[in-house]
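Here is a short note to read alongside the model, written for someone opening it for the first time. Take the points in order, and keep the viewer open as you go.

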2 protein chains.
Amino acid sequence: MNDLFLRACRRETTERTPVWMMRQAGRYMPEYRALREKRTLIELCKTPELACEVTLQPIRAFQMDAAILFADILLPLEPMGAPFSFEKGEGPVVHSPVRTRAQVDALRVIEPEELGYVLEAIRLLKKELNVPLIGFAGAPFTLASYLIEGGKSAHYDQMKRIMYGDPDLWHALMAKLAEVVRKYLHAQIEAGADAVQLFDSWVGQLSPRDYVEFVAPHVSHILKSVEATGVPVLHFGTGTALLLKQQREAGGTVLGLDWRTPLAWGWEQIGHDRGVQGNLDPTVLFAPKEIAISHAKRVLDEAAGRPGHIFNLGHGILPGTPVDTVRAVVETVKAYSARS
Amino acid sequence: MNDLFLRACRRETTERTPVWMMRQAGRYMPEYRALREKRTLIELCKTPELACEVTLQPIRAFQMDAAILFADILLPLEPMGAPFSFEKGEGPVVHSPVRTRAQVDALRVIEPEELGYVLEAIRLLKKELNVPLIGFAGAPFTLASYLIEGGKSAHYDQMKRIMYGDPDLWHALMAKLAEVVRKYLHAQIEAGADAVQLFDSWVGQLSPRDYVEFVAPHVSHILKSVEATGVPVLHFGTGTALLLKQQREAGGTVLGLDWRTPLAWGWEQIGHDRGVQGNLDPTVLFAPKEIAISHAKRVLDEAAGRPGHIFNLGHGILPGTPVDTVRAVVETVKAYSARS
């Protein structure tokens, strides 16, 4: 097995920098669009054979150094009692936004077996893959943002109404989500995931003070428990320049950086006793290939060959991204980072 | 005239901290909604008597220490040749997004007189006001985001395609926008504005490196010229924690901070030889009044009574904000900051 990714997570010296891309399986790939033609995203997630196939597509196409399970961070919400759907052009819509004590109390702390199709996809993938498999979950703040706002939000005002106005209710919801996520990540590891990533995509909305008060205890509840398994834990958010120290305290073997945070500066904030993952701007992949390549080299230059860097985008790959540019960037990372 | 705001802009010691709120005139006020019932936002902007009335509403209701002209950052786009409208629930929509060399070349560098209704509103306001009047404009990056994306964007991928892929075209567009804004702000000052604010609301999308390369020269073109008039210039963006030093270099008597950047830390980055404006989270105004008040006091505590702080929100006030909480926060700032 190509274990570059796992060794980099442990900050071991590697022959070259490992590379994968968030959302590497998905809409920008023609193979994926062909599968999606007759099926919804959720149908793909719930059919282990298809989730497995979609997960493998970018490994075959680009020889990524890690696979990330094809799934969605919102999957746990449905069995918890908050069904959602993906509306065309709108993203996810939670049918009944959760905003009252009664609604929070009604949410079930599910057992991971209720998401058995995810665990089955992991077991299938482990038979196929020759690179490490990354499991994942959404972090409590990011899940709560969808639950409370009912979808992607511009101002997060409904959730902050609760956070600032009714901290007890806030913490009750966050604690439920954290316990669901903690168990879910443990179950993914038991099913065979070689590493897990916690996506706190929208937590950059908060000031450091609010992060420490309203989020960190719940993230820590998850990550300290999962880290005890010995499996690498990747902890990612966007807009987190001023939260990196606090995120590191909350947990993670490797911290993710978005494209706004200069990698060298961000790693300094986190501390070099943790790994970093990132941080090419995903929109750079729309530029001419040679420009994308030069930006990718700059990311590697910022990491300065220090052990513990995993090359990735600063956020998920966007629909419409040219496949050829993805391939060129992956090849560049592999060649340019090779230690002589 | 109450000139607390202007003296704070010059970092003079004041009896107390001046306070105003971005978007203080608008949808959260019943007086405004009554006027809007039979008119569009653009109709209000284009009728100087009504723009004047709307500007005065929050001064009467809350005794703010500064008035900000009721207008919209997109107004210059229409005479430049890029008409837009506000679609219900969607925000502004530019009818033909500008993405080609021919479209950029076709944009006109307008004379400010083509926005004569704005200048007329300023002249009317100067007869009515007993507090300073702030004029404003959108910054080139933020205007370009609407022009290129066609509206508010999630990923700014269309604009970054041009920025990274065709820097010549990017700079041509930015230079045109910068020259329009420069003249427009000068004209507002000549009409009577006591200060001006440049809104670079979405520039926090960029890394510091990209800001310096793609934005700073154009902001600097505007601000160095406007600062030469001696009128205070407020320079504002959101998500700018890592851009503050570069924004300060680009210009501004006072730099604006959003709620994510701790005020004391942000001011340190900017340097204490500039003022700061901010930075209460606008969503805090939805919390119970005593919580909003305690957050407002914390903002003042972070400023530590240092001359040069102007109390404001970290971004515009949101629709639905309770008027009573706005009043309570304004009164708190005035009383709590009073120097004995």
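Predicted model: local features only at pLDDT ≥ 70, side-chain atom pairs only at ≥ 80, totals over all residues.

1. Why is strand 8 of chain A largely enclosed by the rest of the structure? The reason is that 6 of the 6 residues in strand 8 (residues 275–280) of chain A are buried. A residue counts as buried if 20 or more other C-beta atoms lie within 10 Å of its own.

2. Stepping back to the whole sheet, chain A has 7 strands in an open sheet, ordered 1-4-5-6-7-8-9, with parallel pairing. Strand 1 (67–68) and strand 9 of chain A are the edge strands, each pairing on one side only. Further along the order, strand 4 (residues 133–138) and strand 5 (residues 195–200) of chain A are parallel partners over 5 bridges. Within that pair, F199(A) in strand 5 of chain A is the bridge partner of G138(A).

3. Over in chain B, strand 4 (residues 133–138) deserves a visit. In a regular strand, side chains alternate between the two faces of the sheet. In strand 4 of chain B both faces are covered, with L133(B), G135(B) and A137(B) buried on one side and I134(B), F136(B) and G138(B) buried on the other. Strand 4 of chain B has parallel partners too: strand 1 (residues 67–68) of chain B joins it through 2 bridges, and strand 5 (residues 195–200) of chain B through 5 bridges. I68(B) has I134(B) as its bridge partner, while G138(B) stands opposite F199(B).

4. How do helix 15 (residues 289–303) and helix 16 (residues 323–336) of chain B pack? Their angle is about 35 degrees and their axes are 9 Å apart. The crossing of helix 15 and helix 16 of chain B is right-handed. Residues that meet here include A292(B), I293(B) and L300(B) from helix 15 of chain B, and A328(B), V329(B) and Y336(B) from helix 16 of chain B. By class, the contact between helix 15 and helix 16 of chain B is made of 8 nonpolar, 2 polar and 3 charged residues.

5. The two chains also touch each other, and the contact involves 25 residues of chain B and 26 residues of chain A. On the chain B side, helix 9 (157–165) and helix 11 (208–214) are the elements giving two or more residues. Helix 9 of chain B has the largest share of that side, 5 residues.

6. Most residues other than glycine have a negative phi, and most peptide bonds are trans. In chain A, however, the peptide bond between G278(A) and N279(A) is cis, with omega about -10 degrees. N279(A) belongs to strand 8 of chain A. Chain B has a cis peptide bond between G278(B) and N279(B), with omega about -10 degrees.

7. Two residues of chain B have a positive phi: R23(B), near 60 degrees, and A304(B), near 55 degrees. R23(B) is in the loop between helix 1 and helix 2 (30–36) of chain B, and A304(B) is in the loop between helix 15 and strand 9 (309–313) of chain B. A304(B) counts as exposed because it has 10 C-beta neighbours inside 10 Å, whereas R23(B) is partly exposed, with 18 other C-beta atoms within 10 Å.

Note on methods: Residues numbered from 1 in each chain as written. Chains lettered and ligands numbered in written order. Axes fitted to C-alpha atoms, helices over the stretch in contact; angles between N-to-C directions. Helix = DSSP H or I, 4+ residues; strand = E, 2+ residues; numbered from the N terminus. Left-handed = near helix turned anticlockwise from the far one by under 90°. Contact = placed C-beta atoms within 7 Å. Nonpolar A, V, L, I, M, F, W, Y, C, P; charged D, E, K, R; others polar. Buried ≥ 20, exposed ≤ 12 C-beta atoms within 10 Å, placed from the backbone. Pairing = 2+ DSSP bridges.
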